[in-house]
Amino acid sequence: MKRMIFRTLLVSVVVISCQWNTTAQKRRTLETPSTVVYALPQTVIKLNVKAEKSILKRGPFADYAKKFLNVSDVVVADGVEWKLKSIDVSAYGEVDPEQYHKITTSVDYEPSLISLTPDGLISGFNLQKKKMLGAEKEVVFINDDEVKIEYGRFAIDPIIKYKEDTVFKVVETDTAFVKVPVLEKQALVKSMEEKAEEAAHQIFKLRKRRFKILTANYEVLPPDGKAYELIVKELEKLENDYLSLFIGKRVAFAENFEFLYTPKSGETGGVIFRMSPQTGPVGVNDLGGKPIRIDFKNLETTRELAIVPTAGVTAQKQIFYRIPGMADLSISNGKDILYKNRISIAQFGKITSMPAEVLMNENYSIEFYPDLGSIKNVSK
């Protein structure tokens with residue numbers, strides 16, 4: 001009985017030993033080398049520019065604003081004005097066309113061990129796949145034609161006036177023809193000045209009524225606070241509508257623009273876009289706008305960095321990555337500084353490498369910053 005138990009245990013140990021040896025076997029060597037091509041990134045500066053577009057519409061009574069209302073700040077002509085409101089600066093990595101590399105290995109490994117972005121930038125080794133989600137934003141534009149000012153919408157008095165005039169008619173009598181005076185009404189269209197005078201009169205009437213409500217100078221007042229507030233707001237709105245017939249209208253809304261700039265190693269900056277008062281943010285080649293510059297001060301943080309030499313080592317056996325540099329970035333409109341910050345720029349740094357044998361060990365994972373090409377994490 002003891003002999004049978006011993007033989008059973010021996011068989012179990014042999015089976016377990018065989019299974020362990022199977023999983024611990026080294027990867028077999030491929031006869032055909034495997035090559036993977038990847039790229040290192042270069043930093044691209046992205047400017048999200050918000051500009052305000054104001055559509056100007058001249059009021060039909062602009063010429064009489066000073067005479068009837070003593071107002072001089074009026075829109076004198078239809079047009080468009082642009083103002084720069086804000087600049088948001090961000091950076092992302094794109095393929096550096098001068099930094100394509102490849103790894104060649106003779107070890108059998110799964111293709112999923114090497115992670116690349118859709119553009120071919122190196123992301124890491126032995127990483128799990130991640131899904132990238134994007135969101136789209138809807139942009140609403142307003143056309144100049146949608147801003148209209150019409151006198152007829154606010155006119156209370158008729159635009160036709162009647163004038164009584166004395167005319168003479170010839171009447172035949174028994175002895176002769178006699179001229180008899182007759183009163184006759186004539187319908188005449190009011191002049192622009194007369195219309196403007198009536199509109200100004202309505203403005204003063206509305207102001208007077210609003211003042212009387214605010215000072216409780218009516219025998220019958222609104223029944224509650226809500227009605228009181230509503231009446232005051234409607235009177236104010238109606239007054240502003242009449243006032244726009246004299247001073248004009250300014251309808252402002254924001255539009256977003258995007259500009260890209262890729263700094264080159266050794267340069268200090270340049271014009272990134274131009275700002276035109278008539279057409280807004282425009283490209284660099286549109287000389288009708290004022291230049292908006294982007295400038296860099298390379299801090300040369302990697303100048304004294306000692307890099308392990310790779311001379312004599314086959315390039316295809318090395319994994320290349322970047323140690324990014326730092327720079328002070330500023331956006332300026334002439335002498336005015338609009339934005340200033342310190343950012344990492346990949347191409348201002350240095351390129352180094354590590355042995356490609358890291359691919360032979362699945363227990364280690366290496367993660368890179370795809371936008372910078374630098375090592376983010378090494379874990380086991």
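Predicted model: local features only at pLDDT ≥ 70, side-chain atom pairs only at ≥ 80, totals over all residues.
Residues are numbered from 1 along each chain as its sequence is written, and side-chain values use heavy atoms, with hydrogens and water left out.

Two strands count as paired if DSSP finds at least two bridges between them. Strand β4 covers residues 122–125 and is joined to β3 by three bridges, the two running antiparallel; I114 stands opposite F125 in β4. Together β3 and β4 make a hairpin with five residues between them, and G120 in the turn has a positive phi of about 100 degrees. Strand β4 is also joined by two bridges to β13, residues 365–369, again antiparallel, and here F125 stands opposite I366 in β13.

Putting this together, four strands form an open sheet in the order β3-β4-β13-β14, with antiparallel pairing. Its edge strands, each pairing on one side only, are β3 (114–116) and β14 (374–379).

Now to the helices: how do α3 and α4 pack? Helix α3, residues 192–214, and helix α4, residues 225–247, pack at an angle of about 160 degrees with axes 9 Å apart, where axes are lines fitted to C-alpha atoms, for helices over the stretch in contact, and angles run from 0 to 180 degrees between N-to-C directions. The two are therefore roughly antiparallel to each other, a term for angles over 145 degrees. Contact means heavy atoms within 4.5 Å, and the residues of α3 that meet α4 include A196, I203 and L206, while those on the α4 side include Y228, L235 and F246.

Finally, a word on confidence, which pLDDT gives for each residue from 0 to 100. The protein averages 77, and 70% of the residues score at least 70. Among its elements, helix α1, residues 2–23, has the lowest mean pLDDT, 37, whereas strand β8, residues 269–276, has the highest, 93. Over residues 130–142 the pLDDT stays under 50, and for that stretch the model has four contacts beyond four places in sequence.

Technical notes: Parallel < 35°, antiparallel > 145°, perpendicular 65-115°, else oblique. pLDDT = per-residue confidence, 0-100.
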